[in-house]
Amino acid sequence: MAGKSGRSINNVPESPIKKLIFGWEGILILVFIGVNIFCKWFSEYYNMFNLLRQMPVYLAEVFLMLVMAFILVMGEIDISVGATVCLAATMACIASNAGIPFPLVILITLLVGTCCGLINAVILTNFSELPPMIVTLSTQIIFRGIAEIVLGSGGSISVANTAGFKAISRKIGSVPLILFLVIILAVFAAIVLGRSTFGRKVYAIGTNRLAARYSGVAVQKIRFIIYTLMGTAAGLCALFMVASSYGANTTTGTGFEMDAIAMAVFGGISSTGGKGNMIGGIISAFIIVCLRIGLGQRNVNGQVILLIIGVLLIAAVALPNILGSLKKAVKK
Amino acid sequence: MKKLLSVLLVTLLVAGLMTSALAGTADGKKIALVGKSAGNAFFEIAAASFKEAGEGEGATIDVVYPEAATADAQIKVLDNLISQQPDAICISANDFNALQAKLEEAMDAGIKVSSFDSAPNPASRQVFVNQAGTVAVGQALIDAVYDMAGGEGQWAILSATSQATNQNAWIDAMKKLAEDEKYAKLELVEVAYGDDEPQKSTDQTQALLDNYPDLKVICAPTTVGIMAAAKLVQDKPDCKVKITGLGLPSEMLEYTGADDAHSCPYFYLWDMQLLGKLSAYATIALINGDITGAEGESFTVEGLGEFSITAADDGGTEIVQGLPLQFNADNIEEMAKLY
């Protein structure tokens, strides 16, 4: 087996330091440094102050990646999260406008997200033969449908009392609160996935679900927990989305599931399951965020930025295979 | 000596060019124009004329489009712009309220914020340039009806849906203006709704023709409605009903003409080129401190006249561009290439 790092290049010695340098994470760190050097050269506005100021909008999606990584490691997928973000954000606005105190608004938002996750979890564990792609596609339509009905003909809602949302989008020094939260949760998620029994079971499910089940892993229980938490993460993301626009609309969260998956896959987490780790996902998330900010600061067309990220993704997925076949060719 | 002279002359020439280039009122200023999304031909006409007018005054104009037609994507664009610290941002907003936090941040950072085409809420902007006031549209349309009907007779309205806010505002304006004595001999027989669907609009037009044999004019303040009605009427050689309203020149090219072979003598739409130009000058006036966006202020645009800032329906302030542009046999071919 190629170890936990999905993109580790064949025949790399398993010494941890060498693995870090020559493995996929090593490449990612180099790419991260490269992207930052490039952005600094490309944009005269690319500095720590602006980076920290612009980061929050993108960081909300990193919450999704943290749980999406678990789902991908299991070899599964959840494409309903963007819609969950939309529904949770809508409910957050409604709750806030109803005069409910802000701590309760936070709770309600997380709860709405969790409930959406729970619905996925219940369906997927009770009918475990159903493909997650199809189930979450259906719930995606349902969640966004509910949000659209609630939002009505105008298609958008805004919060009247912005104080609470202003508070969560504030900065400590010049560092936005959300960055601290992302780092804390990322460290926690990395430990759970990489160092705990729970994490090892997730890898076991992703490698061979049947074998995992026969060796006593409570497969359905673990899937249930992860899909539910995916909803909670979407609730958290929704909270910060509302904080950035003081409102929600029918397009809130569109495409977020794909962004989260892209971050994870670019980080070396294989969508076929069992491979990759959280560190890769986190580094790649920051690579994408830095690249988008750097290119955006020079008004590079939004579609062009997406195209560049798309090319990077394809390269990231294909690189290990290309290197592998090159190595074979050299050996011959 | 000759060489020295030529160097001197060239230097003078360059200096002369530079001073003439520096004569604008917005030299060295940076303005960012933010669209709703890329690929909107209608907006691009205004953007091109905004750019031309702004650059004519010596400003640098960056036209920026978000990656998607959403408020969230515009927030990312605004974040980028705040980093760049332009002198002003002029935006066509994808959402009325959602940009408030970012646009306030921009204004706090000393960036002037103007808007046109689609306004963000009053707290998010200093001034909005309105393509045409509701009353101005109503006035132009009722006068067109009056003219085409020869001052008297039956007319009808073909609208989009019964809930469309802008449609209803124009219809109400027309009804109110029609109370004037001048229009007393005009009789509005029905307001029909074609739901902005070509087939339904055609059916509704047919119903109007069947129900009111004496009908003289149909006014359709919607691009779908006017095209459907104009096509149906033009296909009936005996039908003398005239069509007017709000339409797109490229869609109305076939039906517009002063003779009986065409069903529509003329129609209206906002002048997007003028909108872009006026918005550019309004933004420059904000930068230069000639206006702050408060009600009652005014500024002059060379060749266009004086514009004053008035209270908008949403509680903010606006600059009303004026009358909509008339499209007739003389200008339609040229305008059809634009929109």
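At what angle do helix 9 and helix 14 of chain A pack, and how far apart are their axes?

This is a predicted model, in which local features need pLDDT of at least 70, side-chain atom pairs count only at pLDDT 80 or more, and totals for chains, interfaces and linings use all residues. Residues are numbered from 1 along each chain as its sequence is written, while chains are lettered from A and ligands numbered from 1 in the order in which they are written.

Helix 9 (residues 177–195) and helix 14 (residues 278–297) of chain A pack at about 150 degrees, with axes 9 Å apart. Axes are lines fitted to C-alpha atoms, for helices over the stretch in contact, and angles run from 0 to 180 degrees between N-to-C directions. Helix 9 of chain A is therefore roughly antiparallel to helix 14 of chain A (angles over 145 degrees).

In chain B, an open sheet of 4 strands has the order 7-6-8-9, with parallel pairing (at least two DSSP bridges between two strands). Strand 7 (186–193) and strand 9 (242–245) of chain B are at the edges, each with a single partner strand, so one side of each lacks a neighbour in the sheet. Strands 6 and 8 of chain B pair over 4 bridges.

| Helix (chain B) | Angle to strand (chain B) |
|---|---|
| Helix 5 (residues 134–149) | about 160 degrees to strand 8 |
| Helix 8 (residues 223–234) | about 170 degrees to strand 9 |

Definitions and conventions: Helices (H or I, at least four residues) and strands (E, at least two) are DSSP runs, numbered from the N terminus. Angles under 35 degrees count as roughly parallel, over 145 as roughly antiparallel, 65 to 115 as roughly perpendicular and the rest as oblique. Two residues are in contact if their C-beta atoms, placed from the backbone, lie within 7 Å.
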